[in-house]
Every structure is written in C-alpha cells, then in structure tokens.
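Here's a quick tour for anyone opening this structure for the first time. Have the sequence and the 3D view ready, and take it topic by topic.

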Amino acid sequence: MAIDFTFDHVLIVVHDLELSVEFYRLLGFSHVQTIQRPDDRVAVMRLGEAKIELMEQREGLETHRPPRRITDIGFRHLGFKVEDVVGSYERLKDRVSFDSPPIPIAGRPGRLTVFFHDPDGTELHLVQE
C-alpha cells in the first residue's frame, strides 16, 4: 500500500542568509517569510508549488565539508525546467557563475542544460525539454 504524501520542501544550510535569499530571488523564487529560532534563521522561498528553506546557523554552529564530487552517493543538485536555456543563461550570466555555456544533454535528444552553483556551492541546473 502506498503512503499518501506529497513533496513539501528542500532545506539548504547557507552561510549568509540575506545573500542566499537574493540569489534565489534572481532565479524567480519569492521570499515568503523568515523564521527566527534560538540557533538559526530560516528563510522560506517559493517558486510555483516548489518550496525551499534556506537555514543560517548561529555563528559557531556551522560546519563545512569538502565539495561534493559528481560520483558521490546522495544528493547532487536541484534542477529547474525553463522554456529557453540559452535565453535564461544570457539573462543571468552577468550575475551567476555558470560552469559552461548551455550544452546538449547526452542521450536525451532536444534537451539543453547549464550548470551553476549557489553562493555556498549547492549545484543547480537549468534544463530545457
């Protein structure tokens, strides 16, 4: 028997909450609210039905790990569907550091993608069907 649930959100721990909120606004997210708690602050961001939470830890509580490699098991990236990858790349390229210009997706004819990272290194990509 299947469990009856729907997707709610992804939480991303960030170093600078305001910087990250502004970055995700560039991608079209709206800032819904910021929740202040004793050891962290969480900004709730929404893009259509999708929701992410950006969490900034109280200074001294944050930890760092080596950057993920593409072969690591586990979470890899967030993908965003766009109508026009090239147009989106052109609009964002002066404010976002892309890994490369848009490229075709191997084994998936007609699809284009471009990868980039948020201010804390979370991998993101735009994809066009």
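Predicted model: local features only at pLDDT ≥ 70, side-chain atom pairs only at ≥ 80, totals over all residues.

Residues are numbered from 1 along each chain as its sequence is written, and side-chain values use heavy atoms, with hydrogens and water left out. The protein has 2 helices and 8 strands; these are DSSP runs numbered from the N terminus, with helices being H or I of at least four residues and strands being E of at least two.

**Overall layout**
- The C-alpha atoms fill a box of roughly 50 × 45 × 30 Å, taken along the principal axes.
- Take the contacts (heavy atoms within 4.5 Å) with a separation of 6 or more: 42% of them come from residues 24 or more positions apart.

**The sheet with β1 to β4**
- As a bit of background, strands of a sheet pair through backbone hydrogen bonds, either parallel or antiparallel.
- Here the order is β1-β4-β3-β2, in an open sheet of 4 strands with mixed pairing; two strands pair if DSSP finds at least two bridges between them.
- At the edges sit β1 (10–14) and β2 (30–36), each pairing on one side only.
- Neighbouring strands of this sheet are turned by 25° against each other on average, direction ignored.
- β3 (residues 40–47) and β4 (residues 50–57) are antiparallel partners over 8 bridges, and V44 has E53 in β4 as its bridge partner.
- Helix α1 (residues 17–26) packs on this sheet and touches β1, β2, β3 and β4. Its direction makes about 5° with that of β3; axes are lines fitted to C-alpha atoms, for helices over the stretch in contact, and angles run from 0 to 180 degrees between N-to-C directions.

**The sheet with β5 to β8**
- Another open sheet of 4 strands, also with mixed pairing, has the order β5-β8-β7-β6.
- Its edge strands are β5 (78–81) and β6 (103–104), and each pairs on one side only.
- β7 and β8 run antiparallel, with 6 bridges between them, and V114 has L126 as its bridge partner in β8.
- These two strands, β7 and β8, form a hairpin with 5 residues between them, and G121 in the turn has a positive phi of about 95°.
- β6 also pairs with β7 (residues 112–117) in the antiparallel sense, over 2 bridges, and P104 stands opposite L112.

**Burial and surface**
- Of the 129 residues, 35% count as buried; buried means under 20% relative accessible area, with a 1.4 Å probe and protein chains only.
- In β8 (residues 123–128), 6 of its 6 residues are buried. One side carries E123, H125 and V127, and the other L124, L126 and Q128.
- The protein exposes about 8900 Å², and carbon and sulfur atoms supply 54% of that; accessible areas come from the Shrake-Rupley method with a 1.4 Å probe.
- There are 16 positive and 22 negative side chains, where Lys and Arg count as positive and Asp and Glu as negative, leaving out His and the chain ends.
- The centres of the two charge sets lie 4 Å apart, with each charge placed at NZ of Lys, CZ of Arg, CG of Asp or CD of Glu.

Note on methods:
Buried < 20%, exposed > 50% of the residue type's maximum accessible area, 1.4 Å probe, protein only.
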